[in-house]
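I wanted to go from the whole chain to single residues.

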Amino acid sequence: MSKDPTCENQKGHMAIIISKNGKNAIKLDKSNFDLEDRLQQYIYDNPESIPLYDIKEDIRLLILAREFSTKSGPIDALGVDKEGEIYLIETKLYKNPDKRTVVAQVLDYGASLWSNFRDFGNFAEQVSLHVNRDFKKTLNQRLSEFYGISEDETNTLLENTRRNLSGGNFKFVVLMDHLHDQLKDLIIFLNNNSEFTVYAVELEYYKHEDFEILIPKLYGSEVKKDVGKSTPSKIVPTDEEFIASYNQSDDKEKVIELVKLLNRINDNPGDYQNISASKSPKYLNFYTHTSFDDKVTINLPLDPNAEEGGLQVWVTNKNKDAVKKVFDNFTPKFKVMVFKGQQYGKMARIPLSECEIGYFENLLRLLSKI
């Protein structure tokens, strides 16, 4: 089945031509969502239909709740992205009489969300109720599985979300089956002259037999601005800054050796097959890439007192048994904990006092052969 989107009808909407093997062409005219509830459910089930990739290519939106209650009324859909940005999504059919106030409505929901949930724990609890009801998972599990991230990365995402909620830093998205020019002008005006970030999405909807075709058009991304950035900046420490954080530790020399190893891995990748390393704002990270098409992550916190100290070994549900076998046969012996994650979890902690750099490098090479 093929489609030719080059034809536009007299109303300015695209006409879709569908054919099978180049024959029996059928022209589809634009259809309509009959009910806002139907549109809400569609967005909930298919968040990719909101073209945030037009703003930034790698944005993936996760809808966490539908009809999320605030004192100003329920937010149609509440979502986050991997950076912890919060999205308030309001759907409105063009035939509804209050379409001209939809921007004010979604901003009001944002004010209510900000004022009602000064305690992030209460917010996370309410979101978790929605996630558990719809997916039978905890909030952390849903985030970890959707984005394929570790427990620590999930906690970082939630911390960014907490800061955005506390600061009232939201992305507002208005979805309609038709946008009139006044609404487009209003959104561009707001984005140009305020710290609000408002996007509008016009959804052209076509239906043929059991097939649904949706053509989303994003408005509001034309304005590029630096004001009101919601995600806190993440500064990666220099080698010297990372080492300095262990100045009061008896294990400072071990940290120096680990930093040198990280640089050797990055400078000589050919000598370290299936091994990589990086620094993040809070960790020194070593990765071994496995035949399970995943990785083992070993990280050292910037804070010497974080997570009981030492190197933390993170595994996946697929590679955990193979990793445990390596540890069981490895000398010196390190304590191996029970795997507790649904997909990701911590399996072991390696105290720095027991981490001779030669042994650790050998451990990385053994894990890289899994």
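The entries below go through the chain as a whole, a sheet, a helix pair, some hairpin strands and a few residues.

**Entry 1: ground rules**

I noted that this is a predicted model, in which local features need pLDDT of at least 70, side-chain atom pairs count only at pLDDT 80 or more, and totals for chains, interfaces and linings use all residues. Residues are numbered from 1 along each chain as its sequence is written, and side-chain values use heavy atoms, with hydrogens and water left out.

**Entry 2: the whole chain**

I looked up the secondary structure and found ten helices and 14 strands in the protein chain. Helices (H or I, at least four residues) and strands (E, at least two) are DSSP runs, numbered from the N terminus. Of the 370 residues in the protein chain, 48% are buried. Buried means under 20% relative accessible area, exposed means over 50%, and partly exposed lies in between (1.4 Å probe, protein chains only).

I then looked up the surface: the protein chain exposes about 19000 Å², and carbon and sulfur atoms supply 48% of it. Such areas come from the Shrake-Rupley method with a 1.4 Å probe; for residues, only the protein chains shown count as cover.

I also checked contacts, where contact means heavy atoms within 4.5 Å. Among contacts in the protein chain with a separation of 6 or more, 58% join residues 24 or more positions apart.

**Entry 3: an open sheet**

In what order do the six strands of the open sheet lie? I read the order as β4-β5-β6-β7-β8-β9, with mixed pairing. Two strands pair if DSSP finds at least two bridges between them. The edge strands, β4 (62-68) and β9 (211-219), each pair on one side only. Ignoring direction, neighbouring strands of this sheet are turned by 25° against each other on average. Axes here are lines fitted to C-alpha atoms, for helices over the stretch in contact, and angles run from 0 to 180 degrees between N-to-C directions.

Inside the sheet I picked out β5 (residues 75-80) and β6 (residues 86-92), which pair in the antiparallel sense over four bridges. L78 has L88 in β6 as its bridge partner.

Helix α2 (residues 102-116) packs on the sheet and touches β4, β5, β6 and β7 (170-176). The direction of α2 makes about 145° with that of β6. Helix α4 (residues 139-147) lies across β4 and β5, at about 140° to β4.

Phi of E67 is near 55°, a positive value in a residue other than glycine. E67 counts as partly exposed because its relative accessibility is 33%.

**Entry 4: a helix pair**

At what angle do helix α9 (residues 320-328) and helix α10 (residues 357-367) pack? The angle is about 145°, and the axes are 10 Å apart. The residues in contact are V323, V326 and F327 of α9 and L363, L366 and L367 of α10. By class, this contact of α9 with α10 has six nonpolar, no polar and no charged residues. Ala, Val, Leu, Ile, Met, Phe, Trp, Tyr, Cys and Pro count as nonpolar, Asp, Glu, Lys and Arg as charged, and the others, Gly among them, as polar.

Why is strand β12 (residues 295-301) largely enclosed by the rest of the structure? Six of the seven residues of β12 are buried, so the strand is largely enclosed.

Strand β11 (residues 283-289) runs antiparallel to β12 and is joined to it by seven bridges. F286 stands opposite I298 in β12. The hairpin of β11 and β12 has five residues between the strands, and D293 there takes a positive phi near 65°. Strand β13 (residues 311-316) is also antiparallel to β12, with three bridges between them. N299 has Q312 in β13 as its bridge partner.

**Entry 5: single residues**

Is I243 buried or exposed? I243 counts as buried because its relative accessibility is 17%. I243 belongs to helix α7 (residues 239-244). Leaving aside neighbours within four places in sequence, I243 is in contact with K252, V255, I256 and V259.

R163 sits in helix α5 (residues 151-167) and counts as partly exposed at 38% relative accessibility. R163 and E85 are 78 residues apart along the chain, and their C-alpha atoms are separated by 9.5 Å.

N274 lies in the loop between α8 (252-267) and β10 (275-279). Phi of N274 is near 65°, a positive value in a residue other than glycine. With a relative accessible area of 42%, N274 is partly exposed.
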